[in-house]
Structure formats: structure tokens, C-alpha cells
Number of protein chains: 2
Amino acid sequence: MIIDVILTPAELPALTERDLGRVVCVVLDVLRATSTIVTALQNGAAAVIPVSEISEALETGRRRPDVLLGGERKGVKIRTAEGEFDFGNSPREYTPEKVRDKTIVSTTTNGTRALRACAGARLVLAASFLNLGATVNYLGEKRFEYVLIVCAGTRENVALEDVLAAGALCESLLDIGAATELSDSAQIALAAFEKAQWDLPGTISKSENARRLLAIPELSADVEFCLQRDVVALVAALKGEEIKRLDF
Amino acid sequence: MIIDVILTPAELPALTERDLGRVVCVVLDVLRATSTIVTALQNGAAAVIPVSEISEALETGRRRPDVLLGGERKGVKIRTAEGEFDFGNSPREYTPEKVRDKTIVSTTTNGTRALRACAGARLVLAASFLNLGATVNYLGEKRFEYVLIVCAGTRENVALEDVLAAGALCESLLDIGAATELSDSAQIALAAFEKAQWDLPGTISKSENARRLLAIPELSADVEFCLQRDVVALVAALKGEEIKRLDF
């Protein structure tokens, strides 16, 4: 299994021009989109539909009146002329009572951009530290030929926490003997994770996204929440416009 | 001093749209463009003119008949209808006897692209492991506000050795107390270097560029050559189309 990593959002446009027919993509947006998606599915949500813009969320809500809407701008839940969204973007809001059997539209700019850039892939997974082990086990069992880990990043920039999660994925795929070749980018992510793992919370607390969240009292606990490793046993996969628990 | 790192060539187009007026750029193309440039200057070359294409090298040669031409394609020295180039791209060819007081046109696709993307910067330096300490000392003395380290990469991909050199730069700038803030990308480069430094030759030997060079008997010694640290005391700066030794 060849492991390659997209480190920055700047690389995504070129991805859409590549033949991804034999590639399995794993999208990481640790703070917080893919952590929230994985949490919602774990707590019983039927599916999560990632969209980029508030207008898309509202349009999907009109088209599918059964869905709940999630998203934030500058840390606060979205309010529009059509009312308040059901959730912010904190994974801790997506409790079993609120999400069970529901389909949730979630606004995430970089997460959605990354997922859409992988549209031509054989399979697209959404992963986070929360379900890293489950994702690794699945990839290892299936012995896919080529795994491309896509770090969603922040605006146009690389996000430290996504690259460290990519490195953790690389390490685990090596540990179980599944990875046979690492690209330069995968080696960078791996080395960065191997250095950072001894104080992952301390390291990630210096990242741009973590600093932003830690400065908002209601959201600061999200950082620690999203760094929990292997607490969710499911694999999340994109099917059409929906991300669902993968049955395998 | 804020330290930021451009990890991948995909980020270069956006760089040309940024206001770089207060930014000092440090371009790294460890295997081998900036290592070769630094070596040529150390051995007495008056200047090095980086160009992307063989046709540009030939055109510059016609415009400035005093220049020598350097470059390779697939490891071998370039031969055209107008004759053979004076040098390949191995830094070991750029000996004092051959380069003293000469201006050399050197073809390097990624190196040139990176240098040109920095055109609007306050200052553009070319650096490598060979002159890393001298470059760090200069940056530290001048206490620039914002240093952007630009990893030239390979084709459209990140190059491990460039990112590790960027990490070494970050570490040294922290060590001398010059760096006050590291972007996420700088933190990634730093962590990767801190992990890799204990076996830098071993780590870099697994990179795409190193593997390519190590497979060519005449070029394999270039890898070890380019990983020598702090053996050259000069700072190399872009002035117009030429890279020259910086007097300061």
C-alpha cells in the first residue's frame, strides 16, 4: 500500500484533474469538521451532508425538510432570516438525544472542499483522531493499493493538527504492516507526528485553529475532545452527498 | 520575527498575489539547485542566474556571451545543437578552477519557479544546509519582521529534504532567540526536522529526489555533499536576475 498525503488546500485543484479511480482518500479536518461528523454518526445520526456555504445548507434544508442544520460563523451558531441552525460546529453538541436517526447538514468550508476534490476516488473516508484506529484497521484489512490522506487545512493554509493526524495514520499503517511505501509528504507527516506525539495536546495547542478555539470559552473544550484517540469504532464514508457509517 | 513556511509548489501561485513588501523569503532547493548555487558562489563565481528552461539558458548565453551554462536532464549534462553545457547540476562540478569570477546560468525548474514567486519580497535569499548557519546568523542580526521559507519541491510535490532544511532553519532561529512566532507550516517543518535530525542522511535517503540521485552512480555522492551543514559561510541573495554573495 502506497501512502501519500495532501498537506495543503493549495494542492486540491490539481487533485480533481488526477485519475483517482484506484485511490482511496481519507479526509482529515480534525478541528473540527471530521471530528464532528464522526461523533454525530457514533451518536446515531443516519448521515451527515457536508456543504460549504450557509446558503447551501439552507437550500438543502428546503429540499429535504427532514434534515437538521449545523454550522457556525466565528464560533457562534448560525442565525438567518429563516431561523437559527439546530447545531453549532462543536462535536459535543451532537448528542445521541439530538441526532439519533437524523440526517444533518453541516457547513464546513475546508472539509467540504477537500471531500469534493476527492470525488473521483474509489472510496472517500472521513476520519479524525476519534476513529483513527478503526479507519486504519479497515484500510489494513482491505489492503488497498493507494491511500491518499487529504489534510483539509484552514482557509488556504496547512493545519498542523490535520498533518499530525495524517502522521498518526501513517505510523499505524506501518505498524500493522499495511504501508509499503511512503511519499515525501507522508514521511513529513510521520516525522512530525513522531516528534509531537509525546505532547500532542501541547503541540496542537499552538496551532492556529486550536488557539482560535481555546480563546472562546464555550469552545475551548473542543480541542481536547477532538484529540481523543480511538474512542469511536466506526468508519465514515462518503456516498453521494452523504457521509455514513460504513458497513463492512 | 514571524516564521512561515511554504511547503509545496502548489502554494506558489498564491504567493505572487500577496504583498511581500515586508517579507524576507528564503528559498530552499536542497537537492540540488540552491546547494549548487551556494557552492558556486563559495568557489568564487561572480553570480548565478537561475532559469527554468534549456531555451532560456541558451537565450541568456547568446545575450551574455561571457556566461557559462549549467544544467542537466535526467542526470546527464545538457547537449543541444549549439553544443554541450559547461556543467551538469552537481555542486561538485562547480570547482574554484572552473567558476572563479564567472557568471553561470543554471537551469532549475522548481528552484527558479520558487525564486520568481518571491519577486515582490523585500529580500530573497537562496539557502541550503551548506550555508544554513550563515543564513540564520544574517536573519537574526537583521531582526526582520517576517521570514517566509519557501520549499521549492519537486515538480508539483513537496520535497522532504527541503522541508527538513526549513525545520533546521526554524530550530536555529528559535535557538538564537530570533523567532517569536511559528506558523502551522513552520511547526510541521520544525517537528519533522527534530525527529529526523538524529539520522538525517538515513531519513533523506528515502526521499524521492535522493532515491533518484542515489541510483545514478556519478551523482550519488551529491546527496551526502548537499547534507553537509554550515560548511559555507556566505549568504546568497537575488539581485535582479542574478544570485550573488550578499555583502553585509
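Trainee: Let me start with strand β10 (residues 123-127) of chain B: how many of its residues are buried?

Mentor: Strand β10(B) is mostly covered, with 5 of its 5 residues buried. Here a residue is buried if 20 or more other C-beta atoms lie within 10 Å of its own, exposed if 12 or fewer, and partly exposed in between, with C-beta atoms placed from the backbone. Helices (H or I, at least four residues) and strands (E, at least two) are DSSP runs, numbered from the N terminus. Before we go on, please note that this is a predicted model, where local features need pLDDT of at least 70, side-chain atom pairs count only at pLDDT 80 or more, and totals for chains, interfaces and linings use all residues. Residues are numbered from 1 along each chain as its sequence is written, while chains are lettered from A and ligands numbered from 1 in the order in which they are written.

Trainee: Which strands do bridges join to β10(B)?

Mentor: Two strands pair if DSSP finds at least two bridges between them. β2(B) and β10(B) run parallel and are joined by 5 bridges; there, B:V27 has B:A126 as its bridge partner. β10(B) and β13 (residues 236-239) of chain B run antiparallel, with 2 bridges. In that pairing, B:A126 stands opposite B:A236.

Trainee: Now the backbone. Which peptide bond of chain A is cis?

Mentor: Look at the bond from A:L31 to A:R32, which is cis with omega near 5°. A:R32 sits in the loop between β2 (23-28) and α2 (33-42) of chain A. In chain B, the bond from B:L31 to B:R32 is cis too, with omega near 5°.

Trainee: And where is A:R143, and is this residue buried or exposed?

Mentor: A:R143 is in the loop between α6 (132-142) and β11 (146-151) of chain A. With 9 other C-beta atoms within 10 Å, A:R143 is exposed. Its phi is near 50°, a positive value in a residue other than glycine. A:D230 also has a positive phi, near 60°. The loop between α11 (221-226) and β13 (236-239) of chain A holds A:D230, which counts as partly exposed with 15 C-beta neighbours inside 10 Å.

Trainee: How many residues does the contact take from chain A and from chain B?

Mentor: Residues are in contact if their C-beta atoms, placed from the backbone, lie within 7 Å. The contact takes 23 residues from each of chain A and chain B. On chain A, α7 (160-175) and α8 (184-196) each supply at least two residues, and α8(A) gives the most, with 9 residues.

Trainee: Why do the copies meet through the same surface?

Mentor: Because 100% of the interface residues of chain A are also interface residues in chain B. To compare copies, we superpose them by least squares on the C-alpha atoms of residues with pLDDT of at least 70 in both. Chain A can be laid on chain B by a turn of 180° and a shift of 0.0 Å along the axis, with an RMSD of 0.0 Å. The two copies are therefore related as by a two-fold rotation axis. In chain A, A:A192 has the C-alpha nearest that axis, 2.0 Å from it.

Definitions and conventions. Contact = placed C-beta atoms within 7 Å.
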